[in-house]
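Colleague: I am new to this structure and would like to learn how to read it. Could you take me through it step by step?

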Number of protein chains: 4
Amino acid sequence: MSSMRMKTSRIETLVDGIFAISMTLLVLTLDIPNIPSSLSETAFQRQLGVLWPQLLCYFLSFWILGGLWRVNHQQFNFIKRTNPTLITINIFCLILIAMIPFSTEMVSTYGISYFTANIIFQANQLLAGILYYVNWEYALWNGLAEVDGRTSRFIKDSSLVLPICSIIAMGLSFYMYAWSNLIYLTIPAFKKVLERKYFPKAT
Amino acid sequence: MSSMRMKTSRIETLVDGIFAISMTLLVLTLDIPNIPSSLSETAFQRQLGVLWPQLLCYFLSFWILGGLWRVNHQQFNFIKRTNPTLITINIFCLILIAMIPFSTEMVSTYGISYFTANIIFQANQLLAGILYYVNWEYALWNGLAEVDGRTSRFIKDSSLVLPICSIIAMGLSFYMYAWSNLIYLTIPAFKKVLERKYFPKAT
Amino acid sequence: MSSMRMKTSRIETLVDGIFAISMTLLVLTLDIPNIPSSLSETAFQRQLGVLWPQLLCYFLSFWILGGLWRVNHQQFNFIKRTNPTLITINIFCLILIAMIPFSTEMVSTYGISYFTANIIFQANQLLAGILYYVNWEYALWNGLAEVDGRTSRFIKDSSLVLPICSIIAMGLSFYMYAWSNLIYLTIPAFKKVLERKYFPKAT
Amino acid sequence: MSSMRMKTSRIETLVDGIFAISMTLLVLTLDIPNIPSSLSETAFQRQLGVLWPQLLCYFLSFWILGGLWRVNHQQFNFIKRTNPTLITINIFCLILIAMIPFSTEMVSTYGISYFTANIIFQANQLLAGILYYVNWEYALWNGLAEVDGRTSRFIKDSSLVLPICSIIAMGLSFYMYAWSNLIYLTIPAFKKVLERKYFPKAT
């Protein structure tokens, strides 16, 4: 249907823009504390100590967003056509991506005190991850992607790493509160394992 | 006039950028409430309850912006040339698009108490929608678009869905306040009907 | 010098990005006033009255930024090569473009009470306008642009409209405070005159 | 490994986006002071005096970001292929780039009173600079760049200018607090010297 044709280049521009802005807006979760100007340097440094959890969450969310962006690009490397439903799926993905600065601030403010705050953060990652999995499945089933079987399965498994980590993190957050989020740091190792499995001679 | 030539690719980049940023700035309408750190989890969850109207408005505005972005892209799929007036129309569109995070915050803060807040939000959507309709009409009348008659009428009708929904919502908001905005969720159904009407064999 | 070669496409991407973000950040100058939820609708509307000067400034700044973006694009339509100095000039332009949300907030907060606030806003526009004039002159003198004489003079004159309006506005702001900024609304008329002068048969 | 192929154009879009947004978010470090509307113009101007250190930091950070963006573009002018590790290095670069609005606000708020605030700002620049050096070395060692020896050494030396300036600034900040940051203004001179050394006949 001619009026519905949409080059993938366009949705990619929107996606890249929203990823770039979400990543950069994460900086707004770093609050400069209000410190009087008459302290000693060591007292000042002690006051800045409140920044550590914020910095860790900033780093973690940026890293997760970077991972999602890679998954998106791996997929669109092979997705050659779009249709209205694929665009809809991607707009839902973007709704969740753009929320990550919010859920990051949630976890960096309340993640130490309340597991609910961590669950919100992890549910955000989980849903975004699942939608990218759905995106790939939908593209494959509707013949929008041109890809060989092995790569297709590799991308499918890669897309599942974030959702699985999020489910584990949600389970852990009942016991470990904010520490449960450290599980996200294992994502690159998981991906490396998948790479080795599917493309043993490369790397 | 040679100095006035402007590739459509450039206005598209600006448009995509402003859509991406407006969508992502919507996240700033989600305010982390100020909650003491000594409550029980259920008390914390109850306090987070104030986020629901904000989340609904966030979702709704993102969705409407996504719809406007699609209309824009449908149109520029066929608009092959620009002239200064078309650029002016598009800059006016962008002024309204960039205001949506503001009118979203307006409706998510005051939409339950005052119908005026809803009217502001709906008037913003209405004007943006009308301008995109004008954009298409202008492009057609001035021979800037290359398109067959059926697709042209389809895009014209598609462009009218948002303004019509906005007018209905403005009428309802006198009686239903913020609930009137739920009418925007019917947009995809309206578009599906139009698609079926104009391109019966496709889909 | 090979390592210094830079395609114009890259500086254009940065420029478009910064224009898009500056335009969209203008929305942050629109503050939702803090209003109790128990007023009548007319009282609520009266309270929203404080938004008018902010909305006017928002509109004006967006419009001026749109005009500067057009000048930039007219110029880069013909600038085919860059060199480090041209990039430097453009980065200085961007420093001033990115400041416009700040000077807009300045004028929308204090423009009615203090002419200094208006001068800051107008000086920002003046400097940005002058730098784009310098940009064009530099490109011409160093053979970076491929353009015929008439178009070249047209772009030169076009680039001067904003600085001249800014100087007039600065003079008027001593007497008329914020109202002096209305002079910027005459920009399109000035440009139309220039178009008629240089390209009489077109339009 | 086919699924890992990624065009450099994509990482460049993300990089340009994040640079553009970080630069523009710097404007949020400029705070409109809260001034009563009944002062004389000179009293108003005196109150605005608090903006000077903020404006200097804004200018400085924008300038440094502009310099880093140029280094990035010089490098990607010659980097023709990417691999997952190169993308990882670049995402780490972006984490640091996106933090610059934060460390700029840190230095513009506390840089006069505490050398620690300056060290944070300078460490941010230092790490970003080092990562771009690592990026280039990595690309060269893994055959991802196509470049002659002289240009390669020129870019390597260029990439070292910012880290070296940052180390000097960190040393000076113990004695000169915020003034130590003025050393960053010497970057263009350093780069000019390098240009003369490597490409004597050009310029």
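Predicted model: local features only at pLDDT ≥ 70, side-chain atom pairs only at ≥ 80, totals over all residues.

Colleague: What rotation and what shift superpose chain A on chain B?

Modeller: A rotation of 90°, with 0.0 Å of shift along its axis, puts chain A on chain B at an RMSD of 0.0 Å. That relation is the one of a four-fold axis. The copies use different surfaces, since 7% of the contact residues of chain A recur in chain B.

Colleague: How far apart are the nearest C-alpha atoms of chain A and chain C?

Modeller: They are 9 Å apart, and chain A and chain C do not touch. Chain B and chain D do not touch either, and their nearest C-alpha atoms are 9 Å apart.

Colleague: Now the interface. How many residues of chain B are in contact with chain C?

Modeller: 29 residues of chain B are in contact with 29 residues of chain C. On the chain B side, α1 (8-25), α4 (84-110) and α5 (115-141) each supply at least two residues. The largest share, 12 residues, comes from α4(B).

Colleague: Which classes do the residues on that side of chain B fall into?

Modeller: The side of chain B that touches chain C has 18 nonpolar, 8 polar and 3 charged residues.

Colleague: Next, a pair of helices. How is such a packing described?

Modeller: Two packed helices are described by the angle between their axes and the distance between the axes. In chain A, the axes of helix α1 (residues 8-25) and helix α3 (residues 51-76) come within 10 Å and cross at roughly 175°. Angles over 145 degrees count as roughly antiparallel, and α1(A) and α3(A) are therefore roughly antiparallel to each other.

Colleague: Which residues make the contact?

Modeller: From α1(A) they are A:T8, A:E12, A:V15, A:F19, A:S22 and A:M23. From α3(A) they are A:F62, A:L65, A:W69, A:N72 and A:F76. By class, this contact of α1(A) with α3(A) has 7 nonpolar, 3 polar and 1 charged residues.

Technical notes. Residues numbered from 1 in each chain as written. Chains lettered and ligands numbered in written order. Least-squares fit on C-alpha atoms with pLDDT ≥ 70 in both. Contact = placed C-beta atoms within 7 Å. Helix = DSSP H or I, 4+ residues; strand = E, 2+ residues; numbered from the N terminus. Nonpolar A, V, L, I, M, F, W, Y, C, P; charged D, E, K, R; others polar. Axes fitted to C-alpha atoms, helices over the stretch in contact; angles between N-to-C directions. Parallel < 35°, antiparallel > 145°, perpendicular 65-115°, else oblique.
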